[in-house]
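Please open the model in a viewer and keep the selection panel at hand.

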Amino acid sequence: MTDNGNGKGNAVLTKTAAAENGGNGGNGGSRGRFAGLGERARLRAAQSPVWARPVVMALNLVFAPFGVVADVLRDWWSVQGRGMRWVVYGLLVLFALVLPSDVIGDVMSPHTEWQTLLFFPIGGYILLAIGLNVVVGQAGLLDLGYVAFFAVGGYTMAIFGKYHGWNFWEILVVGVLIAALSGIVLGAPTLRLRGDYLAIVTLGFGEIIRISAQNWDYVNGPNGISGIPHPPNLSEWSFPDGQPWEFLGVAGMSPFTYGALDGRPYYYLMLVVIIAVIIFCKRLENSRVGRSWAAIREDEDAAELMGVPTFKFKLAAFAIGAAIGGAAGVVYGSQATSIIPNNFPFILSATILAAVVLGGSGNLPGVMVGAFLVAWLPEYFRGLAEYRILIFGGALVVMMALRPEGILPSRRRQAELAEGTGGMGSLGAEVGGPDTHAAAVEGAK
C-alpha cells in the first residue's frame with residue numbers, strides 16, 4: 001500500500017527530476033526550461049486567490065527567468081574541469097580587486113562613497129553571511145543571535161587594541177578564539193533544543209551581549225570605546241600614477257597602509273579574510289564534517305541512529321560560525337573609530353539571516369549574492385529617503401514569495417523545499433514549497 005504522504009513526495013520528486021533532466025540537455029534543456037515558464041507560472045498562480053492570480057502570474061513571468069538562468073549556470077559549472085574552475089576563480093578575484101574603481105562606484109553607489117560601502121556593509125555582510133550559513137545552511141540550526149559573535153569580535157579589537165596596545169594580527173587570532181569559545185558556551189547547554197526553542201535562546205544570547213555591554217563600565221557602557229588603533233602598515237608601496245591604474249581607481253593608493261581617510265585598504269583586508277574563509281568553508285563542506293551536517297539538517301534523529309554524533313557536530317557548527325563572526329567583528333573594529341553597543345542590534349542578525357535565505361541557504365555563492373544585495377540595495381536607493389526601506393522590504397517579500405528556495409539554491413535544498421521541509425532542514429519550517437500543492441494535485445490525477 002502506498003502512503004499518501006509518500007505519494008505526494010514522489011509526485012514532487014518526479015517534477016523536480018523532470019526539471020533537472022530538462023537542464024542537462026545543453027541548449028535544448030535551456031530552451032525547455034524557458035518554454036515551461038508559462039505553465040509553472042500558471043500552477044503557482046492557481047494557489048492564489050482568484051482576484052490575485054493575474055498579478056501573481058505576471059510577477060512569476062517576470063522573475064522566473066532569473067531562476068532559470070541561475071539553474072543553467074549551475075549546470076554549466078557542474079561539468080567544468082579543474083582548469084576552467086581555476087580560471088573562473090581568478091577572474092572573480094580580479095573583478096573583486098577592481099571593484100573600488102570610481103567608474104564602478106558612480107554606477108553602483110551614486111549617493112554613498114563606494115569604497116567605504118564595499119568594506120561595510122557589503123564586505124561585512126558577506127563575511128557574516130558565510131559564517132551564519134555554516135550554522136543555518138549547512139547544519140540546519142536557526143540562530144537569531146548571530147550578531148553577538150560580531151559584537152564579541154568588535155569589542156575584542158577595541159579592548160585589546162585600546163587598553164592593552166596589542167597588534168591587529170594578534171587580536172584577530174584572539175578574537176576568533178574568544179568568539180569560538182562564546183559559541184561553545186552558548187551551544188553546550190542549548191543545542192539539545194531544536195527549532196523555535198533554539199531560535200529563542202540564541203535571540204536572548206544576542207540581547208544579553210548587547211545589554212551587558214551597555215551596562216559594563218569597563219567598556220564605557222553606552223558610550224562605547226573610541227580611539228581604536230588601526231592595523232599596522234605592512235608596506236609603504238603604492239600603485240603608480242597613469243593608466244590603467246587611474247581607470248581602475250587605484251592610482252597612488254597604498255593598499256597596505258591603513259589610515260582614517262582611505263577605505264580601500266580596509267576593503268582589501270576584508271577581501272583577504274573573505275577568501276580565506278571561503279576556502280575553509282568549502283573544504284569543510286566536502287569533508288566528513290560537511291556530510292555530517294547535511295545528515296543532521298535533513299533528519300537529525302535518523303543521523304543519530306546511523307551513528308553520527310549529532311551534538312558534537314552541531315557544537316562544531318556553532319563554534320565555527322561564531323569564529324567567522326568574531327573575525328568579521330575584529331576587522332570591522334579595526335576600521336571603525338569607535339565601538340558602541342548600538343552597533344550590534346537584533347535587526348542585524350535578522351538582516352544577515354534574510355541574506356542567507358534570499359541567496360540560497362546552504363549554497364555559498366548564493367549566500368554571498370544574497371548578502372551583497374541586502375547590503376547594497378538600501379544604499380543604492382538612498383536617494384528615495386525613507387521610501388527606500390519600503391522598496392527594499394517589498395522586493396524581499398516578492399522574491400521570497402516567488403522563489404522561496406533563494407536566488408542560487410543547491411539541488412539538495414531545492415528538493416528539500418519541494419518536499420515540504422521549507423528548504424531549511426530541521427528548523428521547524430515544515431511548510432510546503434511553491435510547487436508542493438500543485439505537484440500533489442498533479443500526482444493525484
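A residue is called buried when its relative accessible area is under 20%, exposed when it is over 50%, and partly exposed in between (1.4 Å probe, protein chains only). This is a predicted model, in which local features need pLDDT of at least 70 and side-chain atom pairs count only at pLDDT 80 or more, while totals for chains, interfaces and linings use all residues. Residues are numbered from 1 along each chain as its sequence is written, and side-chain values use heavy atoms, with hydrogens and water left out.

**The whole chain**

Begin with the entire chain displayed as a cartoon. Its secondary structure comes to 20 helices and 2 strands; these are DSSP runs numbered from the N terminus, helices being H or I with at least four residues and strands being E with at least two. Of the 445 residues, 48% count as buried. The accessible surface, computed by the Shrake-Rupley method with a 1.4 Å probe (for residues, only the protein chains shown count as cover), comes to about 21,200 Å², and 66% of this area belongs to carbon and sulfur atoms. A contact means heavy atoms within 4.5 Å. Among contacts in the chain with a separation of 6 or more, 69% are between residues 24 or more positions apart.

**Confidence**

Next, colour the chain by pLDDT, the predictor's confidence in each residue, from 0 to 100. The chain averages 83, and 85% of the residues score at least 70. Where is confidence lowest, and where is it highest? The lowest mean, 42, belongs to helix H1 (residues 4-23), and the highest, 96, to helix H8 (residues 147-163). Then select residues 425-434, where the pLDDT is below 50; beyond near neighbours in sequence, this stretch has 30 contacts in the model. Over residues 436-442 pLDDT also stays under 50, and the model has 13 contacts beyond four places in sequence for them. Where pLDDT is low, the predicted coordinates should not be read in detail.

**Helix H17**

Select residues 364-380. The buried residues of H17 include Leu364, Val367, Val374, Trp376 and Glu379. Which helices do the buried residues of H17 pack against? They pack against helix H6 (102-108), H7, H12, helix H16 (346-359) and helix H18 (387-402).

**Two backbone features**

Most residues other than glycine have a negative phi, and most peptide bonds are trans. Select Phe120 and Pro121: the peptide bond from Phe120 to Pro121 is cis, with omega near 20°. Pro121 is found in helix H7 (residues 114-138). Now move to Asn220, in the loop between helix H10 (195-214) and strand S1 (225-226). Asn220 is not a glycine, yet its phi is positive, at about 65°. Asn220 counts as partly exposed because its relative accessibility is 39%.

**Salt bridges**

A salt bridge is a side-chain nitrogen of Lys or Arg within 4 Å of a carboxyl oxygen of Asp or Glu. By this rule the count comes to 7.

- Select Glu207 and Arg210, whose side chains meet in a salt bridge (2.6 Å, N to O). They are 3 residues apart in helix H10 and so are separated by about one helical turn. Arg210 counts as buried, at 19% relative accessibility.
- Select Lys282 and Glu285, where the closest N and O atoms of the salt bridge are 3.4 Å apart. Both lie in helix H12, 3 residues apart, and are separated by about one helical turn. Lys282, at 33% relative accessibility, counts as partly exposed, and Glu285, at 27%, counts as partly exposed.
- Select Lys314 and Glu300, which form a salt bridge with the closest N and O atoms 2.9 Å apart. This pair links distant parts of the chain, with Lys314 in helix H15 (residues 310-335) and Glu300 in helix H14 (residues 300-305), 14 residues apart. Lys314 and Glu300 are buried.

**A nonpolar surface patch**

Finally, show the surface and select Trp76, Met84, Val87, Leu91, Val93, Leu94, Leu97, Ile275 and Ile279. These residues form a nonpolar patch with about 790 Å² of accessible area together. Patches are made of residues with over 30% relative accessible area and no salt bridge; like charges are joined within 9 Å, and nonpolar side chains (Val, Leu, Ile, Met, Phe, Trp, Tyr) within 5 Å. Helix H5 (82-98) and helix H12 (264-285) each supply at least two residues of the patch, and the largest share, 6 residues, comes from H5. Val93 has its place in helix H5 and counts as partly exposed, at 34% relative accessibility.
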